[in-house]
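Colleague: I would like to learn how to read a protein model, one feature at a time. Could you show me the structure and take me through it?

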Amino acid sequence: MSENKSPSVETRTVTSDEADVRLDRWFKRHFPDVGHGYLQKLLRTGQIRVDGKRAETSTRLAAGQSIRIPPLADWAKPEGAPAAPAPKKPAMSDKDVAALQALVLFKDGDVIALNKPAGLAVQGGTNTTKHLDAMLDALRFDAKERPKLVHRLDKDTSGVLLLARNTFAASKLTEQFRGRDVRKIYWAATVGVPKPYQGKIDLALAKEGGPQGERVAGDEDDGKRAVTYYSVLENLGKQAAFVAMWPRTGRTHQLRVHMNAIGTPILGDGKYAGQGAYLPGAEVQKKLHLHARRLILPHPRGGNRMIDVTAPLPDHMLTTWKYLGFSASLKGDPFEGVE
């Protein structure tokens, strides 16, 4: 498409966890510096389009849709002020490109699976200038199209992140993430041991504001249904546990809020558990101990092919596993037989 050749025009794909979000709220999340008035003007003049069509602030987005974003810097200035050139993406050094490509766990003509490091944001937002979405050209390799995000991980969560290498794969993968064909297995360390050892958490969640930025809370009245299966794989007395989790829904911060709700917060999750997220006296880093360990789903080309990717633990979790005596090499599916 010709618009992608212009450095001042950007096209983004709506991910599965952004489905049913209003366009104005999606825009505020990705481009917080553009006010509502400017956004309305962009929409009214057809500068912003969804799947090539005009849209309104109240338009509900669907996973896989493409959003055309014009050169925003020209609009986000008071009337009469001189226009500024569109912001340029920071150039990546050869070292940065090599480091990003070294994160690839799996690659074929349609899919790339990365081992996303903790601390790297997937998409931009308030006070976030470095994020994976801005660096995807480094993962183009021999493909004609720029890779596309089809789901997200929290900034502080590490592990398997899937990218589509073409529009066909993006559509198929996004559809799968919205359905029940994707098996996402996370590993975490918890403060305390969940009881019973295997269980299901069914607690609706809703987003709320707050001084700590975007937060999520249980809300059975106005929240969206969220379901998590969990299984305790190992434990250190009553102090801590090695827990596997399978989120059947994809709500923001779902696993963090669900584990905190049953009284066993994820180790290092001070955002939701405060000081209760740490082990007194333990020699472990105060980072979030949540890792997207394994991803299993049908290949977008079908034919009974499956994608099955596993990501090794990040250094801070591996150190904690050794300190607590947990095994970092457990294999198998702890939720085998669960549908």
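Modeller: Gladly! Let us begin with a lysine and a ring: K107 lies over the face of F141, at 4.8 Å from the ring centre. Please keep in mind that this is a predicted model.

Colleague: Which ring has the charged end of K286 over it?

Modeller: That is the ring of Y278, and the charged end of K286 sits 5.2 Å from its centre.

Colleague: Back to K107, then. What is its bridge partner in strand 6?

Modeller: The partner of K107 is I112. The two strands involved, strand 5 (residues 104-107) and strand 6, pair in the antiparallel sense over 3 bridges. They form a hairpin, with 3 residues between them.

Colleague: Which other strand pairs with strand 6, and in what sense?

Modeller: Strand 8 (residues 158-164) pairs with strand 6 in the antiparallel sense, over 6 bridges. As an example of who faces whom, A113 stands opposite L162 in strand 8.

Colleague: How should I think about the two sides of a strand?

Modeller: The general idea is that side chains in a regular strand alternate between the two faces of the sheet. Now look at strand 6: V111, A113 and N115 are on one side, while I112, L114 and K116 are on the other, and all of these are buried.

Colleague: Why can strand 6 be called largely enclosed by the rest of the structure?

Modeller: Count its residues: 6 of the 6 in strand 6 (residues 111-116) are buried, so the strand is largely enclosed by the rest of the structure.

Colleague: Let us turn to aromatic rings. How do I describe a pair of them?

Modeller: A pair of aromatic rings is described by the distance of the centres and the angle of the planes. A search of the whole structure finds 9 aromatic pairs. One of them joins F27 and F31, with 5.1 Å from centre to centre and 40° between the planes, and this pair is tilted.

Colleague: Are F27 and F31 buried or exposed?

Modeller: F27 is buried, with a relative accessible area of 1%. F31 has 14% relative accessibility and counts as buried, because the cut-off for that word is under 20%.

Colleague: Why is the pair of W187 and F242 called edge-to-face?

Modeller: The ring centres of W187 and F242 are 4.8 Å apart and the planes stand at 75°, so the pair is edge-to-face. It also links distant parts of the chain: W187 is in strand 9 (residues 183-191) and F242 is in strand 14 (residues 240-247), 55 residues apart. Both W187 and F242 are buried. Together with W321 and F326, they form one aromatic cluster.

Colleague: How do I read the order of strands in a sheet?

Modeller: Take the open sheet of 4 strands, which has the order 1-4-2-3 with antiparallel pairing. Its edge strands are strand 1 (10-13) and strand 3 (53-54), and each pairs on one side only. Elsewhere in this sheet, 2 bridges join strand 2 (residues 49-50) to strand 4 (residues 66-69). Here V50 stands opposite I67 in strand 4.

Colleague: Which strands does helix 1 lie across?

Modeller: Helix 1 (residues 23-30) lies across strand 1, strand 2 and strand 4, and runs at about 60° to strand 4.

Colleague: How many helices and strands are there in the whole protein?

Modeller: The protein has 7 helices and 16 strands. Of its 339 residues, 47% count as buried.

Key: Residues are numbered from 1 along each chain as its sequence is written. This is a predicted model: local features need pLDDT of at least 70, side-chain atom pairs count only at pLDDT 80 or more; totals for chains, interfaces and linings use all residues. Side-chain values use heavy atoms; hydrogens and water are left out. Two strands pair if DSSP finds at least two bridges between them. Contact means heavy atoms within 4.5 Å. Axes are lines fitted to C-alpha atoms, for helices over the stretch in contact, and angles run from 0 to 180 degrees between N-to-C directions. Rings of Phe, Tyr and Trp (its six-membered ring) pair if their centres lie within 6.5 Å; planes under 30 degrees apart count as stacked, over 60 as edge-to-face and the rest as tilted. Buried means under 20% relative accessible area, exposed over 50%, partly exposed in between (1.4 Å probe, protein chains only). A charge sits over a ring if NZ of Lys or CZ of Arg is within 6 Å of the ring centre and within 35 degrees of the ring normal.
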